[in-house]
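Please read it alongside the sequence and the coordinates.

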Amino acid sequence: MKYDICIIGGGVVGLAIAYYLKKFDRKLRVGVFEKRYFGYGGSTRNAGHFRVHFWTYENSKYASESIKLLMKFMGETGWNPTIMRSGYLWLISDEKVWKAYEDTNIRVWSRLGNPVIFMDIDEVSKKYPYLNLEGFIGAVFGPQDGKLHHDIVVYGYLDRFRRMDGEAHPYTPVLTINAKNGKVKGIDLGHKTVECEKVIVAAGEGSRILFDSLGIEIPIKIKRKELYVSEPYTLFIDPLVIDTREDSMGLYITQSLRGELMGSLDYPEAYDDLTHETTLEHYIVYAKKLVRLVPILRYSTIMRCWSGNYVTTPDNSHIMGRDPYWPEGLYVATGFSGHGFMLAPYTGFLMARHIIYGETPDIMKPYTPERFREGKLINESLVIG
Ligand SMILES: Cc1cc2nc3c(=O)[nH]c(=O)nc-3n(C[C@H](O)[C@H](O)[C@H](O)COP(=O)(O)OP(=O)(O)OC[C@H]3O[C@@H](n4cnc5c(N)ncnc54)[C@H](O)[C@@H]3O)c2cc1C
């Protein structure tokens with residue numbers, strides 16, 4: 001087996017890169033290798049939300065560009081991810097936090113054409129009567145943000161890639177990356193090797209192990225997150241509601257287009273757990289915090305739960321491209337720190353242009369892996385959940 005480019009990881013990031021590589025150059029021989037089924041990782045375990053509001057200018061700008069591509073997704077692929085711009089609603093209890101949102105709105109969001117709306121507590125109470133607003137001073141609403149059906153995006157990219165003669169291999173784990181004399185030579189599947197000159201590691205929680213096989217350290221940590229879905233109810237929670245009180249542990253709640261309540265919080269601190277298990281302990285904490293915020297939900301019934309991982313970096317911003325010290329032909333796109341679904345379209349687009357045309361536009365430069373060596377971090381603290 002021989003390809004020009006092998007992509008390790010069949011999540012939304014690997015598949016978006018694969019799609020754009022073939023879109024820009026149909027003759028390229030591209031193979032995607034996925035250890036389980038396509039979307040097995042975070043890509044089908046997430047909350048399906050997108051936003052253009054981050055604390056840093058870099059991430060806000062990057063997300064704006066990515067959302068523009070998401071909006072064109074149906075036109076490009078023929079798959080409809082049922083996008084709904086229902087907004088994000090951050091409930092604020094602290095004057096300092098309020099001030100930080102005001103400053104960021106001037107410094108970053110308005111500058112990028114995405115201003116947020118500030119609401120006093122009376123306005124919030126009129127618009128969202130189901131919320132218990134005790135202890136809050138107001139809310140910040142991001143009308144440009146929203147939700148979509150994540151599976152459709154994953155399978156849309158996969159379908160279009162295959163239709164352009166891309167080869168996608170499910171249930172094909174990659175054991176190691178082969179490199180010799182400073183150059184990538186291929187990948188090892190255990191029972192056989194695959195030759196190629198370029199390898200892109202987009203393996204989410206599996207990325208670190210693959211780099212280890214080359215003696216390269218990439219600074220990612222894996223943090224487990226659990227998510228709960230209720231029976232469907234009449235749609236009444238339109239935006240993604242985020243409770244920013246410290247003791248709420250980043251609680252968020254929304255409703256899917258089917259009416260299922262969907263939410264989570266940042267508890268417990270479970271690192272490097274690849275079992276994808278869910279725990280009663282988490283559910284109890286979640287249920288208590290949720291009922292405090294939306295009392296009527298004490299009558300709701302959880303239908304199912306799952307867990308997935310945030311693949312985090314020291315600055316909560318993703319890593320893409322390559323480090324000049326790495327073997328020639330080795331690339332990475334991972335470490336999305338809980339917001340990678342929304343960033344995948346633009347990452348696919350930029351990575352494909354970087355690899356085919358050698359382009360590294362200014363918007364991509366801050367995310368290359370050498371930033372950790374050089375101490376040029378993009379410290380992002382607006383992480384949800
Ligand atoms: C509970 C939860 C909620 C989230 N909510 C959101 C949200 O609302 N919005 C948002 O934008 N993001 C959200 N995220 C984050 C988002 O899901 C991820 O950032 C995104 O899916 C990353 O995509 P990926 O393709 O990099 O990784 P993944 O989807 O994890 O894909 C990597 C793939 O690589 C495969 N793989 C690993 N090792 C190997 C190997 N050795 N060989 C072959 N294949 C391998 C894995 O099986 C996996 O399928 C959430 C995540 C979680 C867990």
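How many of the 13 residues of α1 are buried? Helix α1 is mostly covered, with 11 of its 13 residues buried, where buried means that 20 or more other C-beta atoms, placed from the backbone, lie within 10 Å of the residue's own. This is a predicted model, in which local features need pLDDT of at least 70 and side-chain atom pairs count only at pLDDT 80 or more, while totals for chains, interfaces and linings use all residues. Residues are numbered from 1 along each chain as its sequence is written.

**Two helices**

Helices (H or I, at least four residues) and strands (E, at least two) are DSSP runs, numbered from the N terminus. The expected span of a helix is 1.5 Å times one less than its number of residues, and the table sets this value beside the distance between the end C-alpha atoms.

| Helix | Residues | Number of residues | Expected span | End-to-end C-alpha distance |
|---|---|---|---|---|
| α1 | 12-24 | 13 residues | 18 Å | 18 Å |

In α2, the buried residues are Asn59, Ser60, Tyr62, Ala63, Ser66, Ile67 and Leu70. They cover an arc of only 165° around the axis, taken from the directions from the helix axis to the C-beta atoms, which puts them on the same side of α2. An α-helix has 3.6 residues a turn, so residues three or four places apart point the same way. The buried residues of α2 pack against β3 (49-50), α3 (73-77), α4 (95-109) and α9 (340-357).

**The sheets**

Eight strands make up an open sheet of mixed pairing, in the order β5-β6-β4-β14-β15-β16-β13-β17, where two strands pair if DSSP finds at least two bridges between them. Its edge strands, each pairing on one side only, are β5 (117-120) and β17 (302-312). From one strand to the next the twist averages 20°, with axes being lines fitted to C-alpha atoms, for helices over the stretch in contact, and angles running from 0 to 180 degrees between N-to-C directions. Helix α8 (residues 280-293) packs on this sheet, touching β13 (221-232), β14 (240-243), β15 (252-255), β16 (260-264) and β17, and its direction makes about 60° with that of β13. Within the sheet, β4 (residues 88-92) and β6 (residues 138-142) pair in the antiparallel sense over five bridges, and leucine 89 has phenylalanine 141 of β6 as its bridge partner.

A second open sheet has three strands in the order β9-β10-β11, with antiparallel pairing. Strand β9 is joined to β10 (residues 183-188) by five bridges; alanine 179 stands opposite valine 184 in β10, and asparagine 178 opposite glycine 186.

**Domains**

An automatic or database domain assignment supplies the bounds: domain 1 (5-48 + 150-220 + 315-374) and domain 2 (84-144 + 222-310). Their C-alpha centres lie 30 Å apart. Seven residues of domain 1 are in contact with eight residues of domain 2, a contact requiring C-beta atoms, placed from the backbone, within 7 Å.

Definitions and conventions
Buried ≥ 20, exposed ≤ 12 C-beta atoms within 10 Å, placed from the backbone. Contact = placed C-beta atoms within 7 Å.
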